[in-house]
Amino acid sequence: MARVHVSFLGLSLSSILAFFFCFKLCFCFNPKHLNLSTITTHWSSAGATWYGSPDGAGSDGGACGYGNTVSLPPLSSMVTGIGPSLYDSGKECGACYQVKCTKHPSCSGKPVRVVITDFCPGGPCASGSAHFDLSGTAFGAMALSGEEDKLRDAGVLEILFARTACDYSGKTIAFHVDLGSNPFYFAMVVEYEEGDGDLASVDLKESSSTGSDKWRAMQQSWGAVWKLDAGSRLQPPLSIRLTSQYSSQTLVAKDVIPDGWQPGATYRSLVNYL
C-alpha cells in the first residue's frame with residue numbers, strides 16, 4: 001500500500017488547514033469584492049442621441065428627480081437619459097458610465113463620465129439593447145475640440161459604454177427632502193453617492209430617545225426618490241442607512257435629518273462611499 005504523506009509542497013498538515021481557514025475567511029468577508037473603481041473596464045456597444053439645448057443638461061432634473069442639481073457642480077450637465085434596458089424602473093438612477101465614440105470623424109475617442117438622471121422610454125431609446133440619450137453638453141464632450149456641433153448633427157451615433165465608479169471629488173452624500181413630506185410621511189432624494197452611485201435599499205431609524213433601535217425599510221417611490229409611510233409621528237433626528245446596489249456596501253448617515261427638518265430642504269451628511 002502506498003504511503004500517505006501529511007505534507008504538500010513542503011507544507012505541514014497544520015499549515016494547510018490554516019491556509020484554507022484563512023482563505024475561507026477572506027473569501028467570505030470581502031465587502032469590496034465588486035468595487036467599481038478596481039475592476040477591469042468592459043466596453044459594450046450602444047446607440048446615442050442628445051436632447052435639450054446644445055450646451056444644456058437635457059432637462060431640468062428628469063425622471064430620477066434630481067431637479068436643478070443636474071446642471072450644477074459636480075454633475076455640471078454631464079448627465080444622460082437611458083433606455084428601458086438599463087433604466088431598470090429607476091434603480092439605475094445615479095449610476096455612472098463612461099461613454100466614447102470612435103466611428104464619426106468628429107469623435108475624439110476619449111471616454112467621458114456621465115450620470116444617469118433621466119429615462120428615455122421610446123423611439124431609438126427602446127429599439128436597441130442599450131441607448132443613451134445624452135445631454136447636449138455630454139454628447140458634445142465626446143467630440144474633438146471645436147467639432148462639438150458637427151458631432152451633435154450626426155443623428156443616432158454608435159458609441160461604446162462601460163460602467164464606472166462615480167467620483168464627486170470628496171463631496172458628501174446629501175438628502176433632499178421631498179416637498180410632500182410631513183411628520184407622518186417622509187420622502188427624499190439621495191444625491192452624490194460615490195462608488196456605485198445607485199442604491200439597492202434605504203432604511204430609516206428614528207431618534208434613540210424613542211427607545212427603539214429598529215431600522216425601517218423605505219420604499220423606492222420613483223426614480224431616486226425613497227419614501228416611508230410611518231403610520232405615526234416620526235421622531236427626529238433621523239438616521240439613514242444606504243446599501244449600494246452593485247457591491248452591497250452599507251453606509252450610515254447618523255442623525256442626518258435634524259429635529260425641525262423642513263420639506264424642500266437639503267441635508268448634507270458627513271459620509272460617502274469613497
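Predicted model: local features only at pLDDT ≥ 70, side-chain atom pairs only at ≥ 80, totals over all residues.
Residues are numbered from 1 along each chain as its sequence is written, and side-chain values use heavy atoms, with hydrogens and water left out.

Let me begin with the inside of the protein. A nonpolar core here is a set of buried Ala, Val, Leu, Ile, Met, Phe, Trp, Tyr and Cys residues joined through side-chain atoms within 4.5 Å, and buried means under 20% relative accessible area, with exposed over 50% and partly exposed in between, using a 1.4 Å probe and protein chains only. The largest such core has 42 residues, and those with the most contacts inside it are Val99, Phe132, Leu134, Met142 and Ile159. Its largest share, 4 residues, comes from strand E6, residues 112-119; helices (H or I, at least four residues) and strands (E, at least two) are DSSP runs, numbered from the N terminus. There is also a second, separate core of 24 residues, which includes Met188, Leu204, Ile240 and Leu251.

What is valine 99 in contact with, leaving aside its neighbours within four places in sequence? Taking contact as heavy atoms within 4.5 Å, the partners of valine 99 are Trp43, Lys110, Pro111, Val112, Val114, Phe132, Leu134, Met142, Ile159, Leu160 and Phe161.

Now to the disulfides, where a disulfide is a pair of cysteine sulfur atoms within 2.5 Å. By this rule the count comes to 4, and, with bonded cysteines counted along the chain, the pattern is 1-2, 3-8, 4-5, 6-7. Cysteine 64 and cysteine 93 form one of them, with their sulfur atoms 2.0 Å apart, and this link is left-handed, with -80 degrees about the S-S bond. The pair joins distant parts of the chain, 29 residues apart, since cysteine 64 sits in the loop between strand E3 (44-51) and strand E4 (79-82), and cysteine 93 in the loop between helix H2 (84-87) and strand E5 (96-100). Both cysteine 64 and cysteine 93 are buried.

Another disulfide is formed by cysteine 101 and cysteine 107, whose sulfur atoms are 2.1 Å apart, and this link is also left-handed, at -115 degrees about the S-S bond. Cysteine 101 has a relative accessible area of 1% and is therefore buried, and cysteine 107, at 10%, counts as buried as well.

Which hand does the disulfide of cysteine 120 and cysteine 125 have? The torsion about its S-S bond is about 80 degrees, so this disulfide is right-handed, and its sulfur atoms lie 1.9 Å apart.

Let us turn to the aromatic rings. Rings of Phe, Tyr and Trp (its six-membered ring) pair if their centres lie within 6.5 Å, and planes under 30 degrees apart count as stacked, over 60 as edge-to-face and the rest as tilted. The structure holds 6 aromatic pairs. In one of them, tyrosine 87 and phenylalanine 119 have their ring centres 4.4 Å apart and their planes at 25 degrees, so the pair is stacked. Tyrosine 87 lies in helix H2 and phenylalanine 119 in strand E6, 32 residues apart. Is each of these two residues buried or partly exposed? Tyrosine 87 has 8% relative accessibility and so counts as buried, whereas phenylalanine 119, with 29%, is partly exposed.

Phenylalanine 132 and phenylalanine 161 form a tilted pair, 5.2 Å centre to centre with 50 degrees between the planes. Phenylalanine 132 lies in strand E7 (residues 131-135) and phenylalanine 161 in strand E8 (residues 157-164), so the pair ties together parts that are 29 residues apart in sequence.

I will finish with a sheet. Strands of a sheet pair through backbone hydrogen bonds, either parallel or antiparallel. Two strands count as paired if DSSP finds at least two bridges between them. An open sheet of 4 strands has the order E12-E11-E15-E16, with antiparallel pairing. Strand E12 (216-217) and strand E16 (250-257) stand at the edges with a single partner strand each, so one side of each has no neighbour in the sheet. Strand E11 (residues 199-205) pairs with E12 over 2 bridges, and leucine 204 stands opposite arginine 216 in E12.
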